[in-house]
Amino acid sequence: MRLRQEVVNVVLAQLLEERGLAAVPEQIVRAVLHDQTAMPDVIIDFEGLRLAIEAEFASTHNAEELATEKAAKRVEQGLAHIGVGVIYPVGMESQEFAGLADELSRAELRFAIVTDVPEPPPVMRGRLDDLAEALRRTYEQLIQEEAVSKAVAVLEAGIERFAESFRGQTGTSERFSSILGASRENGLLTDRQCNAVNRVSALVLVNAMIFQEILARYEGRVMGLRHLRGGPDTISQLADHWTFILDNINYYPIFNIARNLLEAIATSADVTAAIEGLLDDALRIVEWKAALRHDLMGRVYHRVLEEAKYLGAYYTSVPAATLLAKLALSGESWSVDWSDPSAVSNFRMADLACGTGTLLMAVADAVIDKHIRAC
């Protein structure tokens with residue numbers, strides 16, 4: 001009798017569960033034990049993250065490539081935070097089910113662990129304990145959020161360049177302040193307040209740039225940032241294109257304030273260079289998919305203001321928001337069929353004190369997580 005790959009995958013997941021690394025849903029185990037035809041994909045809990053196991057038998061042509069590609073696809077689709085492409089050794093498909101767990105524990109496996117990191121993962125060799133150790137290291141790297149930290153550092157540097165280019169341009173800073181709804185009664189800002197307004201303005205602009213670059217992948221009428229970089233008047237071209245997007249496509253909350261900020265700028269060589277620097281930073285950020293999966297702008301916003309009290313801002317930390325959202329949506333208190341996309345799309349939750357949107361981002365992640373697990 002030839003074993004199906006899904007059967008071996010689930011036994012592998014159960015062995016990881018015995019090592020304290022995974023939690024295998026009951027419906028998956030039942031499907032394997034009863035040899036159901038429509039077996040679910042093996043997506044399991046892994047230290048609070050979703051882990052997808054995709055495998056091929058060594059006898060399959062291009063087994064390594066196929067398993068790694070399938071694991072990468074799960075991560076790219078957002079179905080899993082970590083994908084594991086496993087190549088089972090020759091003969092594994094012919095094992096008796098009763099002895100499969102023992103055989104898997106002794107076997108030398110080939111495996112590749114896939115995350116949002118853009119570099120292609122190496123294919124490693126080892127036994128089950130080696131795979132478990134590799135997964136622990138991957139988890140530790142993910143929770144350190146190296147990609148997010150790198151993106152934050154890039155944005156902070158670009159924002160600082162932008163703010164510095166407006167030093168002494170109090171008129172521009174006052175116009176920025178009015179557009180952002182943070183103007184003073186007498187219209188005068190201190191140097192520190194000017195710097196804070198300039199930094200927030202830079203964040204609004206680079207957020208719109210990042211959104212434009214992503215939107216250009218799916219909307220043919222939207223130009224990518226490279227088409228606007230280095231033109232005769234980058235600022236005017238950018239403002240005109242954002243006006244076109246507003247008039248013909250929408251995304252008002254993203255582009256309206258950003259367009260108004262551009263139109264408030266009194267240009268100079270330093271300012272143009274700072275805007276083009278933000279364009280370059282936006283392009284770099286879009287290439288780092290891992291950074292875009294997080295509340296990146298909320299994290300940056302929490303750090304760019306020197307004087308948070310000036311705007312009356314009291315920030316909810318990202319870990320606190322994630323915990324609150326998952327607790328709020330836990331249990332059976334919600335009469336929502338989380339497996340039904342239409343039911344999920346009709347689900348409503350409001351953040352009545354929304355600032356940077358950190359809580360809303362956390363809720364969106366929690367809803368996606370419940371949908372995937374329910375499916």
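Tutor: The model is a predicted one. Helix α8 spans residues 191-215, and its axis comes within 9 Å of that of helix α11 (residues 269-287), the two crossing at roughly 50 degrees. That angle makes α8 oblique to α11, and the crossing is right-handed. On the α8 side, the contact is made by Ala 202, Leu 205, Val 206, Met 209, Ile 210, Glu 213 and Ile 214. Helix α11 contributes Ile 275, Leu 278, Leu 279, Ala 282, Leu 283, Ile 285 and Val 286. Sorted by class, this contact holds 13 nonpolar residues, 1 charged residue and no polar ones.

Since Arg 199 belongs to α8 and Glu 160 to helix α6 (residues 146-165), the pair ties together parts that lie 39 residues apart in sequence. Arg 199 counts as buried, at 9% relative accessibility, whereas Glu 160 is partly exposed at 33%.

This pairing can be set beside others, as the whole structure contains 15 salt bridges. One of them joins Arg 19 to Asp 129, the closest N and O atoms being 2.8 Å apart. Arg 19 sits in the loop between α1 (5-18) and α2 (26-33) and Asp 129 in helix α5 (residues 128-143), so this pair ties together parts 110 residues apart in sequence. Elsewhere, Arg 50, Lys 326 and Asp 369 are linked in a network of salt bridges.

Methods
Residues are numbered from 1 along each chain as its sequence is written. This is a predicted model: local features need pLDDT of at least 70, side-chain atom pairs count only at pLDDT 80 or more; totals for chains, interfaces and linings use all residues. Side-chain values use heavy atoms; hydrogens and water are left out. Axes are lines fitted to C-alpha atoms, for helices over the stretch in contact, and angles run from 0 to 180 degrees between N-to-C directions. Helices (H or I, at least four residues) and strands (E, at least two) are DSSP runs, numbered from the N terminus. Angles under 35 degrees count as roughly parallel, over 145 as roughly antiparallel, 65 to 115 as roughly perpendicular and the rest as oblique. A crossing is left-handed if the near helix is turned anticlockwise from the far one by less than a right angle, and right-handed if clockwise. Contact means heavy atoms within 4.5 Å. Ala, Val, Leu, Ile, Met, Phe, Trp, Tyr, Cys and Pro count as nonpolar, Asp, Glu, Lys and Arg as charged, and the others, Gly among them, as polar. A salt bridge is a side-chain nitrogen of Lys or Arg within 4 Å of a carboxyl oxygen of Asp or Glu. Buried means under 20% relative accessible area, exposed over 50%, partly exposed in between (1.4 Å probe, protein chains only).
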